[in-house]
Each structure stands twice: as C-alpha cells, then as structure tokens.
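Please look over the structure below before reading on. The notes after it are meant to be read with the coordinates open.

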Amino acid sequence: MITIQNLTKTYHTKSGEVEALRGISAEIRDGDIFGIIGLSGAGKSTLLRCIALLETPTSGSISIDGRDLSSLRGRQLTEHRRQIGVIFQGYNLLMQRTVSGNIAFPLEIAGVPKAEIRRRTEELIHLVGLDGKADAYPSQLSGGQCQRVAIARALANNPKVLLCDEPTSALDSFTTKAILDLLSDINQKLGVTIIIITHEIGVVKQICSQVAVIESGRFAEYGVAAEVLAAPRSVAARQLIGVGGAL
Amino acid sequence: MNELIARYAPLLLQSLEETLYMTVFSTVLAYVFGLPLGVLVYVTKDGGIHPNRPLNRVLSWFINLIRSVPFLILIVALNPISKLIAGTSIGPKSSIFALVVAAAPFVARMVESSLEELDTGVIEAAKTMGASDLQIITKVLLPESVPSLVRGLSISAITLIGYSAMAGVVGAGGLGDIAIRYGVHRYEDSVMYITVILIVVVVQVIQSTFNLTAIQIDKRNR
C-alpha cells in the first residue's frame with residue numbers, strides 16, 4: 001500500500017514561488033492500476049517525480065507499506081528505489097547499449113551475478129514480447145518497442161510498484177493499446193501495482209481501476225475509475241472526459 | 001625538387017617523428033588529467049548529479065585561468081618546471097609538461113561539452129534504478145558519450161599539433177621548428193612548404209580516422 005499524505009511541493013523561481021502540489025493525499029492499494037489524469041501544468045509530473053524520489057516534497061509524506069520514504073538515506077534509499085520501477089514518455093534508454101544491455105543495466109548496478117543477469121534478461125525480453133530483438137539497438141526499434149524495453153528494464157529488479165510517466169503519449173493509438181495491454185498483463189501476472197500519469201482519458205478507460213483527477217496541484221476528484229468516468233462530479237473531470245469523448 | 005627532398009628527408013622524418021611524439025604523449029597525458037577534470041566540472045555544476053558550487057567555481061576558474069594564458073607565454077613561464085621534470089630544456093621531451101598543462105583544461109572543456117550533449121532523462125532513469133553517482137559516471141555518462149568524446153579527442157589532438165609547433169619555436173624541435181628555422185630564418189621557403197604539407201597531412205589523417213571511428217561506434221546510427 002502506498003500512502004500519500006498532504007503532499008506539497010513549492011518551487012522557488014526567479015518570478016516567484018510556484019506551488020506545483022498543494023496538498024495531495026491518496027491511498028493506493030497493492031495490485032491497483034491507479035491513474036492520475038490532468039492537463040499540462042496540473043502538477044502530475046511533479047507528483048510522479050516526488051513518488052519516484054527524483055524531487056523532495058516541500059511537506060507531507062509518501063510511504064510504502066508504512067515506511068516513510070523521505071526518511072530514507074544512502075543504502076536504504078538505493079534499496080528502496082529498486083522497489084519502484086519507472087518508465088518515461090521519452091523511454092530514456094541507453095542508446096549505446098543493446099536491448100539486452102539496457103535490461104541488464106539495473107541488474108548490473110545492483111550487483112547481480114552475470115549468469116543470473118543473462119537468465120533474467122532473457123525472461124524479461126520474452127515477457128514484453130521482444131523475442132529476437134535482444135541484440136538490436138534502440139535506434140533500430142519503433143517507439144512501441146522502445147517502451148517495451150523500458151518496461152522490461154523497469155521490471156528487472158522485481159519492483160512492487162511501476163510508475164509510468166505518460167507512457168503512451170508519444171505513441172500512435174494502435175501502439176498505445178498494445179502497450180496498455182502489456183501493462184495490464186504485467187499487473188495481473190506479477191501483481192505489480194501500477195501508477196500511470198497521463199493526460200489521455202482513453203488510458204484511464206482502458207486499464208485503470210482507480211483514478212485521481214489532478215487540477216492546480218490538488219486532486220479534484222478521486223475514486224473507482226468506472227464511477228468517476230460514468231458520473232464525474234468535478235469540472236476538471238468533466239472537461240477531461242468531454243475532451244476524451246470528442247476524440 | 002627530388003634533390004631537395006633527398007637532402008632534407010632525414011631531417012623532415014626526424015621532425016615528423018618529434019611532432020608525433022609530442023602530440024601523442026601530450027594528448028594521452030592531457031586526457032589522464034583533463035577527462036576526470038571535465039567529468040568533475042560536469043557533475044558538480046548546479047543541477048548536476050552531485051552539485052557542489054564552491055568546487056565547481058574553483059575548477060572552472062582554474063580552467064579559464066590557464067586557458068587564457070597564450071601558449072607561447074605559458075611554455076616560457078613553465079620552462080623551469082619543465083626542465084626539472086624532463087631533465088632538459090630542449091628537445092620534444094622538454095615540451096611535454098607545458099603541452100599537458102595547456103591542453104588538460106582544454107580537454108576538460110571538450111569532455112564537459114560532450115557530456116552536456118547527453119539527454120538528462122537517461123541520467124534520471126539511472127537514478128530511479130538506484131545507481132550511485134560513480135555508477136552514473138562510469139556506466140551512463142561516459143559510455144553514452146563515447147562517439148562525442150572521440151570527436152573531441154581529434155579536436156584536442158589537432159590543437160596539440162598546433163601547440164607543439166609553437167613549442168618548436170622555443171627549442172622543442174618538431175615540424176614547427178623546421179618551418180620557422182628554414183622558412184623564416186633562412187628564407188628556404190620550399191622546406192617550409194614541405195613541413196606545412198606534412199602537418200596538413202597529419203591533421204587530415206587524425207581528423208578523418210577519428211571521425212570515421214566516431215561514426216562507426218555510434219549505435220545511434222542505424
């Protein structure tokens with residue numbers, strides 16, 4: 001279970017203070033596919049970066065299984081990071097490494113023995129449907145294939161949580177569906193909790209069990225995805241669903 | 001012409017050898033110091049993987065300081081130390097120290113700019129996987145920048161050929177020395193032109209070899 005309590009994040013910029021998050025609270029149960037949807041600038045990327053421990057929240061806490069993440073330092077922080085896999089809109093693959101080299105990367109830095117790395121890499125390549133592509137370089141792959149590599153890489157250390165930052169925003173609708181199917185498959189097979197940040201209502205419709213609508217750094221609405229989609233209460237949710245419906 | 005070449009061939013070959021000696025040695029040593037220096041400047045900058053403003057400012061100031069001294073002045077100023085290290089103040093060996101001092105900060109900036117080309121997303125991805133700063137440097141920053149670093153290496157080596165020619169003026173030997181001695185002091189233009197052609201050939205060979213290598217090893221090229 002991931003518990004987010006009253007999370008705030010304020011950036012100090014030259015033009016003054018920007019409140020990116022203004023008190024976010026949520027409980028994400030194990031095995032959920034939790035969607036966080038909002039328009040650009042709503043604060044969803046900041047929220048993801050806080051959960052991924054790439055940003056330190058200004059106040060509030062994020063804990064996994066009762067363990068506050070902000071209290072972690074050094075080795076514990078590293079260990080903890082391995083419990084969270086992250087995938088990005090731009091894939092962020094190592095361009096000078098092959099598919100298997102990319103997937104092996106998190107295992108190498110975790111000090112996993114070579115034979116074990118090889119076994120695990122093969123297994124993951126199969127899991128994400130990239131059989132036969134082990135020796136290809138990212139530049140030789142399509143966007144969808146690159147995201148599959150990123151997913152395999154994020155799963156390498158058997159994380160409890162998979163954080164997805166706009167994972168399909170750079171992909172066409174067909175590939176988007178295939179990637180979402182894969183994520184849903186992984187959620188069922190491995191029981192990994194998935195948090196997806198997105199601006200596409202279609203993503204929420206297709207795979208999310210829970211959804212939070214984020215607007216101006218707050219959750220405007222939050223609950224079971226099907227219920228929110230069927231009867232949105234907030235203006236933000238209606239706007240997003242309206243936009244989604246028009247597509 | 002043939003007679004001229006026959007007469008000067010041994011001298012030219014020896015000078016070519018001296019130039020190559022100075023270039024290769026000083027390039028290697030300049031990277032031994034410049035590469036870590038460049039990495040350090042990159043990682044300690046604001047927003048870098050290990051920000052440290054005071055250290056970053058000091059390193060940057062030091063690099064700029066040395067880079068702003070004209071090489072001809074630097075080599076003369078460093079002469080006493082060069083003599084101490086090389087045991088002599090003439091010949092190619094005597095110039096290595098000054099060449100390295102001048103080139104290491106240059107190399108550091110080349111390395112820094114190669115690293116700047118990297119997409120920071122990859123670094124963030126590595127962080128989320130629990131990579132330490134050292135692992136990010138050795139497994140992400142450097143390997144991902146290799147093609148750009150190789151291009152930088154050719155620029156550094158060529159700059160050092162230019163520097164070595166200046167070192168020739170103050171007694172280090174090499175093609176630059178020959179060009180000045182024969183072309184300027186003795187009015188033997190043809191010898192000077194031959195040395196210039198030799199330098200041009202060396203530069204071209206270095207540039208194309210390294211460029212080809214950079215293209216060959218870059219996996220971003222399909």
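What follows is a briefing on the two chains, grouped by topic.

The model is a predicted one, and every value below should be read with that in mind. Chain A has 9 helices and 10 strands, whereas chain B has 9 helices and 0 strands. The points below begin with each chain as a whole and then turn to particular residues and to a helix of chain B that packs against chain A as well as chain B.

**Chain A as a whole**

- The radius of gyration of chain A is 18 Å, which agrees with the value near 18 Å that a compact globule of 247 residues would have.
- Along the principal axes, the C-alpha trace of chain A spans about 50 × 45 × 35 Å, and 54% of the 247 residues of the chain count as buried.
- When contacts in chain A between residues at least 6 apart in sequence are considered, 70% of them join residues that are at least 24 apart.
- The accessible surface of chain A amounts to about 11000 Å², and carbon and sulfur atoms account for 49% of that area.
- Chain A carries 26 positive and 24 negative side chains, and the centres of these two sets are 4 Å apart.

**Chain B as a whole**

- Read along the sequence, the elements of chain B follow the pattern α-α-α-α-α-α-α-α-α.
- The C-alpha atoms of chain B fill a box of roughly 70 × 45 × 25 Å along the principal axes, and 47% of the 222 residues of the chain count as buried.
- Among contacts in chain B between residues at least 6 apart in sequence, those that join residues at least 24 apart make up 74%.
- Chain B exposes about 11100 Å², with 67% of this area supplied by carbon and sulfur atoms.
- There are 16 positive and 15 negative side chains in chain B, and the centres of the two sets lie 4 Å apart.

**Aromatic pairs**

- A search of the whole structure, taken over all chains, finds 5 aromatic pairs.
- F34(A) lies in strand β3 (residues 33–37) of chain A and Y222(A) lies in strand β10 (residues 218–224) of chain A, so the pair ties together parts that are 188 residues apart in sequence.
- The two partners can also be described by their accessibility: F34(A) counts as buried because its relative accessibility is 0%, under the 20% cut-off, while Y222(A), with a relative accessible area of 31%, is partly exposed.
- F34(A) and Y222(A) belong, together with F219(A), to one aromatic cluster.

**A170(A) and its surroundings**

- A170(A) is found in the loop of chain A between β7 (161–165) and α6 (173–190), and with a relative accessible area of 48% this residue is partly exposed.
- Leaving aside residues up to four places away in sequence, A170(A) touches Q89(A) and Y91(A).
- The C-alpha atoms of A170(A) and G143(A) are separated by 7.6 Å, although the two residues are 27 residues apart along the chain.

**Positive phi angles in chain A**

- N6(A), a residue other than glycine, has a positive phi near 45°, and N6(A) lies in strand β1 (residues 2–13) of chain A.
- N92(A), which is also not a glycine, has a positive phi of about 55°; N92(A) is found in the loop between β6 (84–87) and α3 (99–109) of chain A.
- N92(A) is buried, because its relative accessible area of 8% falls under the 20% cut-off.

**Helix α6 of chain B**

- In helix α6 (residues 120–128) of chain B, the buried residues are G121(B), V122(B), I123(B), A125(B), A126(B) and T128(B).
- On the side of chain A, the buried residues of α6(B) pack against α2 (74–81), β6, α3 and α5 (143–155).
- Within chain B, the buried residues of α6(B) pack against α1 (2–44) and α7 (133–172).
- α6(B) is followed by G130(B), which has a positive phi near 85°.

Note on methods
Residues numbered from 1 in each chain as written. Chains lettered and ligands numbered in written order. Predicted model: local features only at pLDDT ≥ 70, side-chain atom pairs only at ≥ 80, totals over all residues. Heavy atoms only, no water. Helix = DSSP H or I, 4+ residues; strand = E, 2+ residues; numbered from the N terminus. Rg over C-alpha atoms; globule rule 2.2 N^0.38 Å. Buried < 20%, exposed > 50% of the residue type's maximum accessible area, 1.4 Å probe, protein only. Contact = heavy atoms within 4.5 Å. Areas by Shrake-Rupley, 256 points an atom, 1.4 Å probe, with all protein chains shown as cover. Lys, Arg positive; Asp, Glu negative; His and termini not counted. Charge placed at Lys NZ, Arg CZ, Asp CG, Glu CD. Phe/Tyr/Trp six-rings, centres within 6.5 Å; stacked < 30°, edge-to-face > 60°.
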